Amino acid sequence: MPNHPFRRIRSTAAALAAGALVVALVAAGATPAHAAADTERPTAPGPITVVAIDTTWVELTWAASTDNVGVVRYPVGARFEDFGAQYSTDTNSIRITDLRPSRTYTFSVWALDAAGNSSLSNPTLRLTMPPGDDQPPSAPGQPVAYDVAATVVRLRWAHSVENVALDRYEVFRVDAGGTLTRVREVYQYPPVNSAQISGLTPNTTYTFVVQARDEVGHLSPLSAPVTVTTLPPPPTCTVRSVVRQWPDGFVAHLVVENTGSTAVDGWTMTWRFWASQQVQGIWGAKVVDRLNNSYLRVGNTGRNAVIPPGGTVSLGLVATGTQLPEEITLNGGLCTVADE
């Protein structure tokens, strides 16, 4: 429509009149409506209802809240067990994606106005998603025991094959008569294929199996079993050391005494050994591995595997660096170190 001169003049006159009215009100001591603070909460949204749903998404709606000024946003929460997420919408409906089949979620919604006032007595909806998985996982691989100690065994296994998503692995101890006792659940997502089993009895034989569970609750067949015997209790020991150093290296002679009441039959020793250090020579033992680049682990030779009570074994090391052997353990038991 053309901008007629009369129409423009009339608009200007109206604006001047409105301004004069505001000036008159302020002069009379009145407070303009827009200057007053908004402390009134919005009303609670209406009950949450489902508009549409699939295995991994849901569309929700609710009756809109009312407010003396205006609702600007609806935060929406979605919680599964101890995990939760929050979404936001400026309308009275929302579509939430990336959900998991067969999980039960609790959805909640509340209203916020521009001043940050939040509604009270807000509705919630507990909803189980449709199942999206009708196949159980395959059996995990046979567990392998490693880092066996007196009271701890670590197990690892090949992953199960699952068509949607694994939820967890469960490790069972197979007791006499074939009874299964669950000793560990691995919940990390995605589940890791290893577990540490603690609280075991020294010098005892155990059998373990592993089972996988998917998100829907389908269980895999049991893995093949693994049987492992924990080590005897860690021996008590004393280490006497003679060390000769130079600026960037040393030679150490260690005499290890079994101060316990039972013989040690097969042994490993560890001591602090930095990643920058290198073994240049060793006798009376053989290098097994490096632990976390902070410890060196050595083991017995074929001639000195047995240390009787009160008996000793001698070994020596030539290495670079300035970190001398300390925090010495024998089969997991911490030894007393006495310099000579």
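## Overall make-up

The protein has one helix and 27 strands, and the model described here is a predicted one. Of its 340 residues, 35% count as buried. Among the contacts between residues at least 6 apart in sequence, 63% join residues at least 24 apart.

Strands of a sheet pair through backbone hydrogen bonds, either parallel or antiparallel.

The pairing between β1 and β2, the latter covering residues 58–61, is antiparallel and runs over four bridges. Within this part of the sheet, A52 stands opposite E59, which belongs to β2.

Is β11 mainly buried or exposed? Seven of the nine residues of β11 are buried, and a residue counts as buried when its relative accessible area is under 20%; β11 is therefore largely enclosed by the rest of the structure.

Strand β11 pairs with β14 through seven bridges, and these two strands run antiparallel. In that pairing, R173 has F208 of β14 as its bridge partner. Strand β11 is also joined to β12 (residues 180–186), here by six bridges and again in the antiparallel sense, with V186 of β12 as the bridge partner of Y169. The hairpin made by β11 and β12 has five residues between the strands, and in this hairpin G177 takes a positive phi near 85°.

## The largest pocket

The largest pocket has a volume of about 580 Å³. It is lined by 21 residues, of which A149, T270, L291, R297 and G332 are the closest to its centre. The elements that give two or more residues to this lining are the strands β19 (268–272), β21 (286–291) and β22 (295–299). When the lining residues of the largest pocket are sorted by class, eight are nonpolar, seven are polar and six are charged.

## The second largest pocket

The second largest pocket holds about 460 Å³ of space. Its lining is made up of 23 residues, and those closest to the centre are F80, E81, F83, R100 and R103. Two or more lining residues come from each of β3 (71–80), β4 (83–89), β11 (166–174) and β14 (205–214), so that the paired strands β11 and β14 both take part in lining this pocket.

Which element gives the largest share of the lining of the second largest pocket? That element is β4, which contributes four residues. By class, the lining of the second largest pocket has ten nonpolar, three polar and ten charged residues.

## A residue in a loop

Where is D134 found? This residue lies in the loop between β8 (124–128) and β9 (144–146). The relative accessible area of D134 is 64%, and because the cut-off for an exposed residue is over 50%, D134 counts as exposed.

Although D134 and H218 are 84 residues apart in sequence, the distance between them in space is 8.0 Å, taken from C-alpha to C-alpha.

How values were computed:
Residues numbered from 1 in each chain as written. Predicted model: local features only at pLDDT ≥ 70, side-chain atom pairs only at ≥ 80, totals over all residues. Heavy atoms only, no water. Pairing = 2+ DSSP bridges. 1 Å grid on protein atoms, 1.4 Å probe; cavity = no way out; pocket = protein on both sides within 12 Å on 5 of 7 lines; lining within 4 Å. Points joined across faces, edges and corners; volume = space filled by probe spheres on them. Nonpolar A, V, L, I, M, F, W, Y, C, P; charged D, E, K, R; others polar. Buried < 20%, exposed > 50% of the residue type's maximum accessible area, 1.4 Å probe, protein only. Contact = heavy atoms within 4.5 Å.
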